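I opened my notebook to look up how the pieces of this protein pack. I took the helices to begin with, then the cores, then the sheet.

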Amino acid sequence: MRVLVVEDERVLADAIATGLRRETLAVDVAYDGAGALDRASVNEYDVIVLDRDLPKVHGDDVCKQLVAQRYPARIIMLTAAGELDDKVEGLSIGADDYLAKPFAFAELIARVRALGRRAAAPLPPVLERAGITLDPARREVARDGRPVELTRKEFAVLEVLLSADGAVVSSEHLLEKAWDEHIDPFTNVVRVTMMTLRKKLGEPPVIETVPGVGYRL
C-alpha cells in the first residue's frame, strides 16, 4: 500500500511517516497543500493522510480538488478540531474518514489499513494463496502453517502479489506500491527482493516470473 502524509508540522509528519513505514507501507510526505497536489498528480496513492489546516492550499481545498478529479485514493483527515460539526464538514467535502488530534498511532494504522482495503476491490483481512497466508495487521506470514520471517520490503512485495489474486504484477507496479518516490526507477531492487523472498518462502517455488511482463503468485 502506498500512502501520502500531508502535514505542515514537520516533526509530526516525519513521525507519522516513520511509523507507517515500520508497518511495511510505502510513504511519501508533503508539508503543504500545494506539495500534496503536486505529488498526487504524478503518483497513485491508496490512502492520503491529510491535515486540514495546511499552508499554501488549505486541506479542505486539497480534498475538494482530489474528489473533483475522481482521484482514487481514500482520504483520512487529521485535525485539532474534534467537534461533531468539524467532522461532519470534513466528511461532507469528500473525506472518507476523520481523526482528531491527539490520536493513538495504533488507531491511525488501523484506519489507514481499513481505507486501503477499500481503495480498490475489497480484500479480506488475511490474504491466502498457494499455501501462503499473510496477515497485514499482525505482520505475520506463513507457508503451509510454517512461520516465515520477512523484511519490511519482502512483506510489502508479497502483500502486493497476494492482493493481485493470480494476476501478473509488473516491476513498475511493485516499485510504486512497495517503495516511495525516492527509489531509483532503474534500480534492480525488485529483482533482488524477489530473489530473497523466494528463498525464504522455500520449495516448491510459488512466485512465477513472466518474462518481459512481471511476476505472478
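**Entry: two helices.** I looked up helix α6 (residues 152-163) and helix α8 (residues 189-201): they pack at an angle of about 85°, with their axes 10 Å apart. I noted that the model is predicted. Angles from 65 to 115 degrees count as roughly perpendicular, so α6 and α8 are roughly perpendicular to each other.

Which residues of α6 and α8 meet? From α6 I listed Lys 153, Glu 154, Val 157, Leu 158 and Leu 161. From α8 I listed Thr 193, Met 194, Thr 196, Leu 197, Lys 200 and Leu 201. I sorted the residues of this contact into six nonpolar, two polar and three charged.

**Entry: the cores.** I looked up the largest nonpolar core, which has 26 residues. Leu 158 and Ile 207 have the most contacts inside it. Two or more residues each come from β7 (132-135), α6, α7 (171-178) and α8. The largest share, seven residues, comes from α6.

I then followed Leu 158. Leaving aside neighbours within four places in sequence, Leu 158 is in contact with residues including Ile 132, Leu 134, Val 141 and Leu 217. Another core, of 21 residues, lies apart from the largest one; among its residues are Leu 4, Ala 73, Ile 75 and Tyr 98.

**Entry: the sheet.** I read the strand order of an open sheet of five strands as β2-β1-β3-β4-β5, with parallel pairing. The edge strands are β2 (26-30) and β5 (97-100). The twist averages 20° from one strand to the next. Four bridges join β1 (residues 2-6) to β3 (residues 47-51). Leu 4 stands opposite Ile 48 in β3. Helix α2 (residues 33-42) lies across β1 and β2.

Methods. Residues numbered from 1 in each chain as written. Predicted model: local features only at pLDDT ≥ 70, side-chain atom pairs only at ≥ 80, totals over all residues. Heavy atoms only, no water. Axes fitted to C-alpha atoms, helices over the stretch in contact; angles between N-to-C directions. Parallel < 35°, antiparallel > 145°, perpendicular 65-115°, else oblique. Contact = heavy atoms within 4.5 Å. Nonpolar A, V, L, I, M, F, W, Y, C, P; charged D, E, K, R; others polar. Core = buried A, V, L, I, M, F, W, Y, C linked by side-chain atoms within 4.5 Å. Buried < 20%, exposed > 50% of the residue type's maximum accessible area, 1.4 Å probe, protein only. Pairing = 2+ DSSP bridges.
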